[in-house]
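Hi,

Here is the structure I said I'd pass on. Have a look at it first, and my notes on what turned up follow below.

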Amino acid sequence: MCDGAMRVSLPPLPVRVLLVAVALLAAAPTAHGQSNGEGTIYSRFGLGSLSGFSSSQSQALGGGAYGLRSLNYNPDANPALWSDQVFTRLSGSVGMRAVRAEDNRGNSGRLTSGTVQALQFNFPLNERTLGLGLSFQPYSRSNYKLTTTDSTDVPASGQVGQARYERIFSGSGGLQRLRGGLGYRVNDRLRIGASADLLFGVIESRRRTEWPNTQALRDVVVSDGVQLSGLTGTVGAHLALADVLSADDALSLGASVTMPAFLSGERYRTLDEDLARDTLSVQRGDVTLPWTARLGAAYQPNERWTFVMDGLFEPWSTFSTSFSSEGSSPTTPARFPVGGTSTLADRWRLSGGAEVVPAGTDNLAGYFAQVAYRLGAYAERMYVRPDSETSLYEFAATGGVSLPTSLSGTRIDFNLTAGTRGQTSDTLVRDTFYGVSLHINFGERWFQRRKLR
Amino acid sequence: MSMRLSWLCAVLVGGAALFSLSACSDSSDVGLGVGPEADSLGGGEPQTVDVPPAHLDTTREVPLTGDNNRESPARSNWRFLVGAVEDPITTPALHVEAHGYLDVAGRSSLPDEIATAVADSLTAELRLPVTYLHGVSDAPIAVEVYDLSEEAVMDSARADASFPADMGMPASVDTAQISPTDSLVTIQLRPDWVADNLSVLQNTSNNGESFEENFPGFKIVAPNSEAVVGFSSLNSALRLTYADTLTADYAALKSATHIEQHTAAPAPDGHTLLQGGAGVGLALEWVYGSADIRSKITDTPAGQRPRLDSLPTTATTSRAEIQVPVDTVAMNDRTTNPDFSRPLPNGYRVLATRRPDANTPTCSSIFGVLGLASDDETCALPLVSTAAPGAALVGNEYALSLFERSFQRIRAGDSSLFTTFRVFIADRSSPDAGSGTTLQPGLPTTVPVLVPDRTADGAPGPPRATLTVTPL
C-alpha cells in the first residue's frame with residue numbers, strides 16, 4: 001500500500017527522501033519535547049547526560065572516529081572532515097534506549113525512551129576542497145524518573161480517611177547544540193575546519209505530588225529549571241597519510257578542540273505547570289563549560305578493513321557558574337549544578353572499533369558483501385560524581401550495519417549499544433542500558449553541473 | 001524502483017516506531033539517595049494542618065425577615081414569627097420576643113352572599129399553618145392581633161424593623177389562644193372588627209387593589225408566651241365566613257417579623273453564641289504574613305497548630321476546607337425541660353469580605369462561578385449543605401481557590417483576597433437543599449447555636465481552616 005501510493009503520487013525518490021528529512025528537521029523541537037533521552041539518575045547532575053553523537057559510523061565504532069574520513073558520512077565532531085565532500089548530504093537519526101537501574105539492595109527500575117539523536121546537513125562548496133556543515137543535536141539530556149508511594153490522613157467533611165499519594169521526581173530537557181562550520185582541504189594530506197556552536201536549552205527537574213485515587217486533592221508540581229544559551233567554537237584538523245605500513249594502506253589522524261562555552265541565563269523555581277505555572281523566583285547567572293579535546297586515528301590496511309582508536313578529554317573541574325550555590329528559602333531554585341561543582345570531575349573517554357566491508361569497493365559484489373559491518377567499544381570516566389568522591393565509569397560495546405541503497409551516496413544504518421555505568425556502592429546505582437538506533441544518510445549531487453566525460 | 005520504495009517504507013516505519021517510543025517506565029525509587037544529602041531528592045510529602053483564625057469575634061448583621069409573595073426572589077416556605085421564648089442555652093436564659101406582621105391580598109370577586117352581607121352575618125378569622133416552634137411546646141399561647149395603622153413596606157424588612165399599629169383595641173377576640181403543636185391555628189377576630197372593616201373587605205374593585213390600598217394588615221403578638229411560633233407566609237389567610245357555610249379567603253401577601261432580644265447573656269464558657277433572630281454571627285480572620293519558616297510546617301509538633309502566615313511562602317495547598325463546628329451536645333445539655341423545643345438550624349451562611357483594593361478580583365473571577373457577589377465587597381460562599389446543622393462548612397471546591405489564590409498573591413508581594421469571613425445562622429426549609437441554596441438568606445428564626453472557641457475533649461473543635469499542604 002505504501003509502495004503503490006508512492007508510485008502514483010509522490011515526486012522522484014531523492015526529493016521524497018529529502019522531504020522526509022526536512023520534515024524530521026522541522027519536527028525536531030517538538031520531537032525533543034516528547035522524548036526523554038537516556039534515562040538515568042546520573043542525568044540529574046551537571047548538565048545531564050552528554051550526547052556527543054558524531055555520525056552513525058562513529059557511533060557504531062565506539063563513538064569516536066575523529067580521524068576517519070568517508071564519502072558516506074560527515075562526522076560532526078571534527079569540522080576538518082567536512083572538507084572532502086562530494087554529495088549534498090542530509091542525515092537523520094532516531095533511537096531508543098532502555099535503562100535498568102539497580103541499587104545495592106537489589107532493587108531495580110526501568111526507563112525506556114525514544115529520541116532524535118541528530119539532524120545533519122552538509123554540502124560541498126567546492127567539491128573535495130571546501131565543504132559546509134550544519135547540525136542540530138542534543139548536547140545534554142536530563143532524564144530520570146523516580147517514584148515513591150505513601151499515604152496520609154486527609155479529613156474531609158469531618159471524616160478522616162487515608163489517601164494514597166505518589167511523589168514523582170523527574171528530570172527533563174537539556175541543552176541543544178546548533179553547529180555550523182566549514183572544512184577545507186589544504187592539500188592531499190592536511191585538512192582543517194572550524195565551526196561555531198550555539199548552545200541553548202532548558203534543564204528542568206520536577207517534583208510532583210500526585211493523588212492517583214482521588215480527584216478531590218490537587219496535584220502539586222514544583223519545578224526547578226535553568227535556562228541557558230551561549231556560543232562556543234570548534235576547530236579541527238585532519239592528517240591523511242598513505243602507504244604507511246604497506247602499499248595502499250592509509251593512516252589518518254584527526255583532532256579537534258571545542259573552546260570553553262560561556263553561557264548565560266536564569267534559573268527559576270515554579271509552582272504548578274502549563275498555563276497555571278506560577279513563578280516563585282528567578283535568578284540570573286552565567287556558566288562556563290570546559291573545553292573539549294578529541295584525538296583519533298584511523299587505519300585502513302586495505303579497502304575492506306578500517307580500524308579506529310580515539311580519545312576525548314574534558315576538564316569539567318574547570319566548570320564554573322555565578323549562580324549562587326545555596327537555596328536560602330523554599331521559593332529559591334534548587335542549587336545548580338545539583339550538589340555543587342564538587343560533583344563534577346574531569347571526563348575522559350577511550351574508544352575503538354573496526355569496520356569491514358567484505359566487497360571492498362566492488363560494486364558488482366553481492367548485496368550483503370557491500371554491507372558495512374561494525375563493532376566498537378568505549379570506556380569513559382563520567383563527568384559527574386554525585387557523592388563528590390567516587391569516580392564513575394561507563395563501559396559499552398557498540399555495533400551496527402550499514403546498508404547500501406541503489407543511490408550511491410545513500411546508506412541506511414542500524415546501530416546497537418549495550419553497556420553499564422556507575423556502581424552499586426553506598427547510595428550509587430548501576431545502570432545497565434541497551435539501545436538501538438536508525439540512521440538515514442541521504443546523499444546526492446546537488447548544485448553541481450555534471451561534467452561530460 | 002519498487003525495491004527502493006520498499007526499503008524506504010520499512011525505514012520510515014521503523015524510524016517512526018523508534019521515535020514514537022515515549023518514556024515508558026517501570027518507575028521506582030532506585031537512585032533516590034544518589035547525591036549529596038543536602039541536595040538529595042526529597043520533600044513533597046503532604047500533610048494536613050488545622051489553622052485556626054488569628055482573630056475570632058462576634059459580629060452582627062440584622063437578618064432579612066420580610067417577604068412579598070408577588071415579588072422576586074420568590075422565597076418558598078417563608079414564615080413569620082410570633083411569641084416570646086426564654087432559651088436556657090445561656091445563663092440567665094436568652095429572652096427573645098418576636099412580633100409578626102401579615103398583610104393579605106385583595107380579591108377580585110366575592111361570592112354574592114358575602115359581597116352583599118351585613119356584618120352580623122359574617123365572621124372573620126386568621127388561619128395560620130404552623131411551621132416553626134422554639135420554646136415550650138405544651139403551653140397554650142395567648143395571641144393578640146392588631147390593625148396596622150398604615151400601609152407597611154414589608155418586602156425587604158429586616159428583623160429590627162417595626163411598623164406602627166393601632167394598639168388600643170385588638171382585632172382579635174380577647175380569648176384568642178393557640179396551641180403551638182397544632183399544624184393549623186385559627187385566631188378569631190372580633191365581630192365589631194368585621195363591622196368596622198366591612199366596606200373594605202367587600203371592596204373588590206380594581207382586581208382587589210382598592211382593598212390592598214385601604215387594608216394595611218395585621219400585627220400579631222404574644223408577649224406572655226413561652227414559645228415562638230412560626231407561620232407559613234404563603235399559606236396563611238384571612239377568612240370570612242357567611243352563615244357558617246360559605247367562606248372567602250384573603251391569601252397572605254406580605255409578612256415580616258420584628259425580633260427583639262431582651263437579655264444579652266454571656267455564652268457558656270468555651271463557646272461563642274450565634275443567634276439567628278438577633279443576627280449575631282461569628283467573624284473569622286486569617287492573617288497572612290511573609291514569615292518564611294519552612295520548618296514551621298515540617299517540624300511543628302502534633303497539636304501545635306501553625307499559623308497561616310507562614311504557609312504562602314512555604315507550602316502550596318492540595319485541599320482546603322473552612323469549618324465552623326456547632327457543639328450540639330453542649331446545646332442539648334443545657335436544655336432540661338423535655339417539653340422545650342429548640343430546632344437546630346438547617347443551614348448557615350458564610351460571607352467573605354473582599355479586600356478593598358482595586359486589584360482584588362471579583363467574586364466570579366476568584367471562584368469561576370457567577371452569582372456569588374452579595375454586594376460590592378462581599379462574596380457569599382457556597383456551603384456543603386449536608387454538613388448542617390453540625391457545622392458551617394465551605395468545601396474544598398471553593399476553599400481551595402480561596403486559599404491558593406491568596407497564597408499566590410502573597411507570594412507575589414500582594415495581599416490576600418479576603419479580610420473577614422462572617423458566619424451566620426441561615427435556617428433552611430430542608431437540611432439537604434443543595435449548595436446553591438446556601439447562598440440565600442435563611443428563614444426568620446430565633447434559634448441560637450453554640451460554637452466552640454477552643455479545643456476540648458468531646459467537642460468538635462474550634463472554627464478552623466483545614467489545609468492539606470505540600471511544603472515547597
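In chain B, the C-alpha centres of domain 1 and domain 2 lie 38 Å apart. Keep in mind that this is a predicted model. The domain assignment gives domain 1 of chain B as 47-58 + 276-471, and domain 2 of chain B as 65-261. Where the two touch, domain 1 of chain B puts in 20 residues and domain 2 of chain B puts in 26 residues. On the domain 1 side of that contact, the elements giving two or more residues are β20 (340-341) and β25 (448-452) of chain B. The residues on that side split into nine nonpolar, eight polar and three charged.

Next, the sheet. Chain B has an open sheet of four strands in the order β2-β26-β19-β23, with antiparallel pairing. Its edges are β2 (47-51) and β23 (391-394) of chain B, each of which pairs on one side only. On average, neighbouring strands in this sheet are turned by 25° against each other, ignoring direction. Helix α9 of chain B (residues 396-411) packs on the sheet and touches β19 (315-325), β23 and β26 of chain B. The direction of α9(B) makes about 125° with that of β19(B).

For a specific pair, B:T48 has B:T468 in β26(B) as its bridge partner.

With 16 residues, α9(B) reaches 21 Å from its first C-alpha to its last, which is close to the 22 Å expected at 1.5 Å a residue. Several of its residues are buried, including B:L400, B:F403, B:F407 and B:I410. What do the buried residues of α9(B) pack against? The list is β19, α8 (363-367), β22 (378-381), β23, β24 (418-425) and β26 of chain B. Just after α9(B), B:G413 takes a positive phi of about 85°.

A few numbers on chain A to finish. Chain A has five helices and 20 strands. It has 453 residues, of which 49% count as buried. Taking contacts in chain A between residues at least 6 apart in sequence, 68% join residues at least 24 apart.

Cheers

Technical notes. Residues are numbered from 1 along each chain as its sequence is written. Chains are lettered from A and ligands numbered from 1 in the order in which they are written. This is a predicted model: local features need pLDDT of at least 70, side-chain atom pairs count only at pLDDT 80 or more; totals for chains, interfaces and linings use all residues. Two strands pair if DSSP finds at least two bridges between them. Axes are lines fitted to C-alpha atoms, for helices over the stretch in contact, and angles run from 0 to 180 degrees between N-to-C directions. Two residues are in contact if their C-beta atoms, placed from the backbone, lie within 7 Å. A residue is buried if 20 or more other C-beta atoms lie within 10 Å of its own, exposed if 12 or fewer, and partly exposed in between; C-beta atoms are placed from the backbone. The expected span of a helix is 1.5 Å times one less than its number of residues. Domain bounds come from an automatic or database domain assignment. Ala, Val, Leu, Ile, Met, Phe, Trp, Tyr, Cys and Pro count as nonpolar, Asp, Glu, Lys and Arg as charged, and the others, Gly among them, as polar.
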